[in-house]
Amino acid sequence: MLPARKQELAKMSNNVYIRGLGHHVPEKILTNRDLEKIVDTNDDWITSRTGISSRHIVDGQTCVDLAYESSMKALQNAGMEPDELTHILVATFTGDMPVPATACLLMERMGIRNKAAMDVAAACSGFVYGLEVARALIALHPDAKILVCGSEIVTSRVNWEDRSTCVLFGDGAGAAVVTGEKNGDKNGELLDVMVSADGGIGMALTVKGGGSAASYSLGEKVGDEYFIQMQGREIYKHAVRNMSSICKKLLERHGYTSEDVDVLLPHQANQRIIEAVGKKLSIPVERVFANVDRFGNTSAASIPIALSEARENGFIKDGNLVLVTTFGGGLTWGASLIQY
Ligand code: ACO
């Protein structure tokens, strides 16, 4: 017979809650009109092909600066102090530096020590992968209090001479505090997460330069491969196909249909992709959350920024069933069901 506390914890291990959310974007805004002055593009092309009008970009801030601001907001929203955290996960491909991990830099910035900390490398899908890791950690340690943050300075890996990619991205961060115990009735219950990847098509979206297979010698100039390189049409096709199919599988696993979904919250890469996924799932546009017009694609920060904003502005209401879906480099993708 387990002691009472252990029994209680074992029971709780099935329940995982998003106890707090927060997001932060840098103040500086880069509009499509501004981009017209940098590359051969125009507002009409960008808005009609992507739905993006403007994006926030850093002006001196680093990945950990944005991570810190969003994480402190998430902790405040959760009614918790940094020292209560047991684990810190930061999803990013644009961390301040390869070593130390951004999660360790964030811990230092928050003034806390002796917690588990690591970065999650799953490109744009990193936050949803982070949620899956958090669920697993709570199954092992029901008392765990986990910060899952997505923070990106995507513009640090954008080639401003490549009009086919530079118009798509922005910088920002979002964070969630994930625990096995809820705090009041405003928390979202993380019902499930499903993640997947296919390395066979990974070369359709790369940031090669600086890695050990494409390293630089001292004093050598970086080449194009240092920046995001992408086969746009391939990515578009896989994004729509994989996000809609993983959502269908996840809904089926719970005996839900699209009709049960109050809010679809997809990765904010492109308005056309967002709408195509909604259409494939038969979820009307009024129930699909989008903020890509103001933020562009912020990679791993896209989902937590969207979740935090949608909860803050009332798009996600108490009682709503939220279907989150993501897609990114790797190629990676995933989905999650959150019950508010
Ligand atoms: N301004 C003006 N013209 C442009 C621009 C631009 N910024 N970029 C490309 N064009 C031109 C091309 O040169 C091409 O001209 P051409 O016909 O004379 O050769 C024409 O526009 C059409 O180009 P396509 O690449 O075929 O345009 P498409 O309709 O496929 O749209 C886009 C391109 C927006 C990139 C689309 O393919 C897409 O959204 N793909 C998915 C990209 C994405 O979301 N990536 C990230 C997902 S993963 C992650 O989040 C990291």
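A salt bridge here means a side-chain nitrogen of Lys or Arg within 4 Å of a carboxyl oxygen of Asp or Glu. One to look for joins the side chains of Asp192 and Arg135, with N and O 3.3 Å apart. Keep in mind that this is a predicted model, where local features need pLDDT of at least 70, side-chain atom pairs count only at pLDDT 80 or more, and totals for chains, interfaces and linings use all residues. Residues are numbered from 1 along each chain as its sequence is written, and side-chain values use heavy atoms, leaving out hydrogens and water.

**How confident is the model?**

- The predictor's confidence in each residue is called pLDDT and runs from 0 to 100; the protein chain averages 95, and 96% of the residues score at least 70.
- Watch out for residues 9-13, where pLDDT stays under 50.
- That stretch has eight contacts beyond four places in sequence in the model, a contact being heavy atoms within 4.5 Å.
- Where pLDDT is low, the predicted coordinates should not be read in detail.

- The chain splits into domain 1 (4-184) and domain 2 (189-201 + 230-339), with bounds that come from an automatic or database domain assignment.
- Their contact takes 45 residues from domain 1 and 43 residues from domain 2.

**What holds hands across the interface**

- The rule finds one salt bridge across the interface of domain 1 and domain 2.
- There are also 18 residue pairs in polar contact between the domains, both residues at pLDDT 80 or more.
- A polar contact is a pair of N or O atoms within 3.5 Å; within protein, one must be able to donate a hydrogen and the other to accept it, and residues adjacent in sequence count only if both atoms are side-chain atoms.
- Helix 6 gives the most to the side of domain 1 that touches domain 2, with seven residues; helices (H or I, at least four residues) and strands (E, at least two) are DSSP runs, numbered from the N terminus.

- The peptide bond from Val99 to Pro100 is cis, with omega near 0°, and Pro100 sits in the loop between strand 4 (87-91) and helix 5 (102-110).
- Another cis peptide bond runs from Gly330 to Leu331, with omega near -10°; Leu331 is in the loop between strand 12 (321-328) and strand 13 (332-339).
- Asn114 isn't a glycine, yet its phi is positive, near 60°, and you'll find Asn114 in the loop between helix 5 and strand 5 (116-120).

**Salt bridges elsewhere**

- Searching the whole structure turns up 12 salt bridges.
- One of them pairs Glu36 with Arg33, whose closest N and O atoms are 3.1 Å apart.
- Glu36 and Arg33 are separated by about one helical turn because they are three residues apart in helix 2 (residues 32-36).
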